[in-house]
Amino acid sequence: MFKRIISYLKNRNTLLFVIILGSTILRLINLDYNSPSNDEAIYVSVGHSILYNWNWTVYNTASWLGGHSYFYPIVTSLAYSIYGIVGSRLVNVIAGTIYLLIAYRLIKEVALYITKSKFKSDMSALIGATLVGFSSSLFYISRLATYDMVSYTLLLTSIYLLVDCFRRDIFKDAIAKNFFLASIAFTSAFLFKYIVI
């Protein structure tokens, strides 16, 4: 049995799955740890006003919110309507898991470009994914129902798509598609939270 476990751990995909599963389970534990914080409650109430009262200019949100009021507040309001504050925080847990996957791919691409070794790039990516997945700052941000995690995930997606253009085996059509998708991801990240710019 011990040999079977060791053989599974030698498989890099299994290790990545364990890292993703472990970090996601840690984030999912006790998501209703307290009532909504000030920022969480504001985003939910702005989203509720837009969705359910059709008040699109509620509280002059364009002058004081950290992101566009028609993006994250609507998403978190829908999630809140389904499962309360846990639903709103679950959106960011999912975004944190996607962030971890993209960070893994980005580190793998950069390490492969630098070292030219598939083994070293895989190991670098697994170490990086472990650090990202279990870092306390990412853990904290991905459990709050605020703009940050979704915006950071979209920003990292745009960076990954730009880095992916430097692969030697990529076609020109794929480069154009990556630039287009990167611009959409970056614009979306900016609209979710203005500080990204």
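Modeller: In the largest nonpolar core, which has 20 residues, Tyr72 and Leu156 touch the most other members. A nonpolar core here is a set of buried Ala, Val, Leu, Ile, Met, Phe, Trp, Tyr and Cys residues joined through side-chain atoms within 4.5 Å. Buried means under 20% relative accessible area, exposed over 50%, and partly exposed in between, with a 1.4 Å probe and protein chains only.

Biologist: Which helices each supply at least two residues of this core?

Modeller: Helix H3 (38-52), helix H4 (72-115) and helix H7 (148-164). The largest share, eight residues, comes from H4. Helices (H or I, at least four residues) and strands (E, at least two) are DSSP runs, numbered from the N terminus.

Biologist: And what does Leu156 touch?

Modeller: Tyr99, Ile102, Ala103 and Leu106, leaving out residues up to four places away in sequence. Contact means heavy atoms within 4.5 Å. Apart from that core lies another one, of eight residues, including Leu16, Ile19, Leu100 and Tyr104.

Biologist: Before I go on, what kind of model is this?

Modeller: It's a predicted model: local features need pLDDT of at least 70, side-chain atom pairs count only at pLDDT 80 or more, and totals for chains, interfaces and linings use all residues. Residues are numbered from 1 along each chain as its sequence is written, and side-chain values use heavy atoms, with hydrogens and water left out.

Biologist: OK, back to H7. What do its buried residues pack against?

Modeller: H4, helix H6 (136-141) and helix H8 (172-192). Among the buried residues of H7 are Met149, Val150, Leu156, Tyr160 and Leu161, as well as Asp148 and Asp164.

Biologist: How about H3, which residues are buried there?

Modeller: Glu40, Tyr43, Val44, Val46, Gly47, Ser49 and Ile50. H4 is part of what covers them. Just after H3, Trp54 takes a positive phi of about 55°.

Biologist: What span should H3 have?

Modeller: Its 15 residues should span 21 Å at 1.5 Å a residue, and the end C-alpha atoms are 21 Å apart, which agrees. The expected span is 1.5 Å times one less than the number of residues.
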